[in-house]
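Here are some notes for a first look at this entry. Please keep the sequence and the 3D view open while reading.

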Amino acid sequence: MESKHTPGPWEYNPDYHQVMAPNASWFIIASIPKRRGSAPIDKANAQLIAAAPALLEALEMVMEVAFDGPSQPVSSSDNIAWKRDIERRARSAIRQAKGEA
């Protein structure tokens, strides 16, 4: 199924307090309100929103591995490489969502 959302990557721009999509001419995905005393929480929320496309992609790949397997027969070494790529993408998406990327 094709996604209906603005394609990623999305980025948080702390100067404007917005999550934006650079691939879509910096289309604004979300505006994060500035609240007194909540800057760390607001930043964490924005980073989580910005990571949504990467998290979705990683979760779809994990679901394929867990339930469907590769769409084409692959050799054992290709299968290992495929799983390592999925792990790398999933860990990267999690780091991005946590603001560690």
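1. Start at the surface. Leu59, Val62, Met63 and Phe67 make up a nonpolar patch there. Together they have about 410 Å² of accessible area. Bear in mind that this is a predicted model.

2. Look next at one member of the patch. Val62 lies in helix α2, which spans residues 52-68. Is Val62 buried, partly exposed or exposed? Its relative accessibility is 37%, so Val62 counts as partly exposed. The cut-offs matter here: buried means under 20%, and exposed means over 50%.

3. Now turn to strand β2, residues 18-21. In a regular strand the side chains alternate between the two faces of the sheet. In β2 both faces are covered. Gln18 and Met20 are buried on one side. Val19 and Ala21 are buried on the other.

4. Which way do β1 and β2 run? They are antiparallel, and 3 bridges join them. Strand β1 covers residues 11-13. Asn13 has Gln18 of β2 as its bridge partner. The hairpin of these two strands has 4 residues between them. There, His17 takes a positive phi near 55°.

5. Strand β2 also pairs with β3, residues 27-31. This pairing is antiparallel too, over 4 bridges. Gln18 has Ser31 of β3 as its bridge partner.

6. Finish with the turn between β2 and β3. How many residues lie between these strands? The hairpin has 5. Ser25, in the turn, has a positive phi of about 55°.

Key:
Residues are numbered from 1 along each chain as its sequence is written. This is a predicted model: local features need pLDDT of at least 70, side-chain atom pairs count only at pLDDT 80 or more; totals for chains, interfaces and linings use all residues. Side-chain values use heavy atoms; hydrogens and water are left out. Patches are made of residues with over 30% relative accessible area and no salt bridge: like charges are joined within 9 Å, nonpolar side chains (Val, Leu, Ile, Met, Phe, Trp, Tyr) within 5 Å. Accessible areas come from the Shrake-Rupley method with a 1.4 Å probe; for residues, only the protein chains shown count as cover. A salt bridge is a side-chain nitrogen of Lys or Arg within 4 Å of a carboxyl oxygen of Asp or Glu. Buried means under 20% relative accessible area, exposed over 50%, partly exposed in between (1.4 Å probe, protein chains only). Two strands pair if DSSP finds at least two bridges between them.
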